[in-house]
Structures are given as C-alpha cells and as structure tokens.
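We'll go stop by stop, with something to click at each one.

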Amino acid sequence: MTLRLRVAAGVLGALVLAASALVSPALALPKYRVQAAPQLHLTEGNDLWQLDRRVMPCTYCHVKDTGGAPWNPFGQAVQRTFAQEAEAGRHLTFPQALHTLLTAGTDADGDGYPDALEVFAKTLPGDPENKPDTPLEDLTAAFEKAGGAAQYAPLKKTK
Ligand SMILES: [Ca+2]
C-alpha cells in the first residue's frame, strides 16, 4: 500500500468512526422507541423514522433529549401504570402498559388534553408547553371517529 493510500484509508476509518459516534445517541434507546412509535402511529409516511429523532423524540417520555433519568410526567405515568397493574397481579409488556394508560383518559402533563389525544395530534403528552392547536371538542370528535384509544392497542406480531 502506498503512503497516499494508507493516509486515505486512515481518513476513511476516522470518518466512519466519527459518523457512528454521531448516529449512536439517536439509537441509544431503541427498544422502547422502536416498539412505541409504530404502535402510536407516529411513523406513518416516514420510511426512515428510526433515524429521524423528530419521530417520537426522547422527550416524549424523558426530560432530557438524550433520554435516561429523569422521566417527564408522561414517562412517570407509564411507570405508574406498570406498578399499579403489577400490584393487581398483572405484569404488562411495554406495549400493553402504553395502551392501558392511553385507555384511562388521563392527562399526564395537565395541559387540558388527555394523553391519548396528544398521541393522536402528534404533540408531546409529557410537556405542558407542547399541545394540540385544535380545540379539545373537535380533536375529541376526530379521535373517536378514528377509533379512539383502541387504535393504540399493542400491534400483533407479523412473521
Ligand atoms: Ca402536552
């Protein structure tokens, strides 16, 4: 290998390393996000949604945009759902816990829009500063017409 080729290979290697370092935070918490985004219909019309941090950002459930602790009010509500159901002897999967919470009709961030309506409007259910523009009554009607909370039932596994 000539010196010039070796330098080029070294530069290429460094670029690949830098690129993977840039990409990895976006994929740092893939499991819950990968389960929840399709279940909540947040991926529609976006074939590259797994690489698009605007599709279900970490701040959907977490306080920090890099995820981890602490959790925002919606993330805490998901955690409470797991705990309450476990106390009643029901050990839910993550998709089941999400569906149970959205069926309850609660408003985790207290902005006046129940969590399921925020999911439907693609706003953040754990951030009171981020809420739908549509009046509550109109949004509720559209949500019910679309199938209500049942549209966020856990997805059936396809083989
Ligand atoms: Ca909100």
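How many helices and how many strands does the protein chain have? Switch to cartoon view and count: there are six helices and zero strands. Keep in mind throughout that this is a predicted model. Followed along the sequence, the chain reads α-α-α-α-α-α. Color by burial next, and 21% of the 159 residues count as buried.

**Stop 1**

Select 73–87 for α3 and 94–104 for α4. How do the two helices sit relative to each other? Their axes come within 9 Å and cross at roughly 100°, which makes α3 roughly perpendicular to α4. Now show side chains at the crossing. From α3, pick Ala-77, Val-78, Thr-81, Phe-82 and Glu-85; they meet Ala-97, Leu-98, Thr-100 and Leu-101 of α4. By type, the residues of this contact split into six nonpolar, two polar and one charged.

**Stop 2: the core**

Stay in this area and bring up the largest nonpolar core, which has 22 residues. Which of its members touch the most others? Select Val-78, Leu-98, Leu-102, Ala-116 and Tyr-152. The helices α3, α4 and α5 each supply at least two residues of this core. As background, nonpolar side chains tend to be buried together in soluble globular proteins.

Center on Leu-102 and look past its sequence neighbors up to four places away. You'll find it touching Asp-115, Ala-116, Val-119, Ala-149 and Tyr-152.

**Stop 3: the loop between α2 and α3**

Move to the loop that runs between α2 (30–39) and α3 (73–87). Three residues here are worth a click.

- Asn-46 lies in this loop. With 13 other C-beta atoms within 10 Å, Asn-46 is partly exposed. Beyond its neighbors within four places in sequence, Asn-46 is in contact with Asp-52 and Val-55.
- Met-56 is also in the loop between α2 and α3. Its phi is near 55°, a positive value in a residue other than glycine. Is Met-56 buried or exposed? It is buried, because 23 other C-beta atoms lie within 10 Å.
- Pro-70 belongs to this loop too. Check the peptide bond from Ala-69 to Pro-70: it is cis, with omega near -5°.

For context on those last two stops, most residues other than glycine have a negative phi, and most peptide bonds are trans.

**Stop 4: Lys-122 and on to α6**

Select Lys-122, in the loop between α5 (115–121) and α6 (136–145). Lys-122 is not a glycine, yet it has a positive phi of about 60°. How many other C-beta atoms lie within 10 Å of Lys-122? There are 14, so Lys-122 counts as partly exposed.

Finish by selecting 136–145, which is α6. How many of the ten residues of α6 are buried? The number is zero, so α6 lies largely in the open.

Technical notes. Residues numbered from 1 in each chain as written. Predicted model: local features only at pLDDT ≥ 70, side-chain atom pairs only at ≥ 80, totals over all residues. Helix = DSSP H or I, 4+ residues; strand = E, 2+ residues; numbered from the N terminus. Buried ≥ 20, exposed ≤ 12 C-beta atoms within 10 Å, placed from the backbone. Contact = placed C-beta atoms within 7 Å. Core = buried A, V, L, I, M, F, W, Y, C linked by C-beta atoms within 7 Å. Axes fitted to C-alpha atoms, helices over the stretch in contact; angles between N-to-C directions. Parallel < 35°, antiparallel > 145°, perpendicular 65-115°, else oblique. Nonpolar A, V, L, I, M, F, W, Y, C, P; charged D, E, K, R; others polar.
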